[in-house]
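Look at the structure below and keep the sequence at hand. The paragraphs after it go from one site to the next.

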Amino acid sequence: MKRIGAVELGGTKAIVGAAVMDGTAQPHSIETIRIPTTTPEETLDRCAEALRDLSARMGGLDAVGVASFGPLQLDPGQLDPGRPAFGSITRTPKPGWSGAPVRDHLASALVHLKEGGVPVAIDTDVNGAALGEGRWGAARGLDSHVYVTVGTGIGVGVVVGGRPQHGLVHPEGGHLLVRRDPARDPYTGHCPYHGDCLEGLACGPAIEARVGRPATDLPDDHPVWDLVGDYLGQMVANLLFALSPQRIVIGGGVGGRPGLLDRVRHHAGRYIGGYIDHPAVTDGLDGYVVPPGLGAEAGLAGALALGWDTLL
Ligand code: ZN
């Protein structure tokens, strides 16, 4: 049994918790503490303080996992002094957070909790959620899967061989390029980098900009949902073609809209076009494109899994 601390660092709030884990059963945090995300110094200091309190109550912490908003610098070999250190936020429009050394800040604030310091693991929020879903949720037992959150943005976490994937940087599947038919959808998208990429067309703010009302106010049968289902269907086909994951989990405030996943499956089937000959695909994608199993717990569960994995 190990005592693991966890931080889910989001753009508006951070959630801190801790659990005793055996590596198999789904962990339940003994308490969760919510901290508003303000400046990096204030936010990370308060997260560290919450972790020290939890550590005092649990008799110590063996490791800490952090699932953070990004983009993050996750290449341990990248020693270019002009770049932020491993575990830092890279370039973000969020004021004050570009270059914020999230991992190093927490690791130094917790250095006295354990001989040699407490290991602090970090990954993107979506890679963390993907890891949690693979261990205890809708992708349990699979070797490779993808987790997608569709909300104010679109994030894509990728797990292969039980490990979150990085590479040159980390996957940025929210910015996949999709086909838009201007006759059907004249909206040119809101991504500041690409205009009509996937996120630019299918996230909550893009839906609101198109119809003039927040996505949450729209009825389930509003025509925009079929358009969103079309773009997410293209994403499913592209992920399937490029990565061949065994399952794709789609959640988030927009992704959880009733009926949306049926539209995604329908359109994904059209775009796949009969090319992939596997029962998971040819039987209608019902078991292939699925909602999350962990719900609101996914973020913290992912952070706990990241912390656990540092001890392997
Ligand atoms: Zn984009």
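At 0% relative accessibility, Cys197 counts as buried, where buried means under 20% relative accessible area, exposed over 50% and partly exposed in between, with a 1.4 Å probe and protein chains only. This is a predicted model, in which local features need pLDDT of at least 70, side-chain atom pairs count only at pLDDT 80 or more, and totals for chains, interfaces and linings use all residues. Residues are numbered from 1 along each chain as its sequence is written, and side-chain values use heavy atoms, with hydrogens and water left out.

Cys197 (SG) coordinates the zinc ion together with His175 (ND1), Cys191 (SG) and His194 (ND1), at 2.1 to 2.4 Å. Donors are N, O and S atoms within 2.8 Å of the metal (3.2 Å for Na, K and Ca); water is not among the atoms, so sites may look incomplete. Along the sequence, the donor residues follow the spacing H-x15-C-x2-H-x2-C. Cys191 is also buried, because its relative accessibility is 7%.

What arrangement do the four donor atoms around the zinc ion make? It is tetrahedral, because the angles they subtend are 102 to 120°; four donors count as tetrahedral if all angles lie between 85 and 135 degrees. The ideal angle for four tetrahedral donors is 109.5 degrees.

Next come two helices. Helix 1 (residues 40–58) packs against helix 2 (residues 102–109) at an angle of about 40°, and their axes are 9 Å apart. Helix 1 is therefore oblique to helix 2: angles under 35 degrees count as roughly parallel, over 145 as roughly antiparallel, 65 to 115 as roughly perpendicular and the rest as oblique. Axes are lines fitted to C-alpha atoms, for helices over the stretch in contact, and angles run from 0 to 180 degrees between N-to-C directions. Helices (H or I, at least four residues) and strands (E, at least two) are DSSP runs, numbered from the N terminus.

Ile35 is found in strand 3 (residues 32–36) and is buried, because its relative accessibility is 2%. Leaving aside residues up to four places away in sequence, Ile35 touches residues including Lys13, Val16, Cys47 and Ala50, where contact means heavy atoms within 4.5 Å.

Some backbone details remain. The peptide bond from Gly70 to Pro71 is cis, with omega near 5°. Leu285 is not a glycine, yet has a positive phi of about 70°; Leu285 is buried, with a relative accessible area of 1%.

Terms used:
Tetrahedral: all angles 85-135°; square planar, octahedral: opposite > 155°, others 65-115°.
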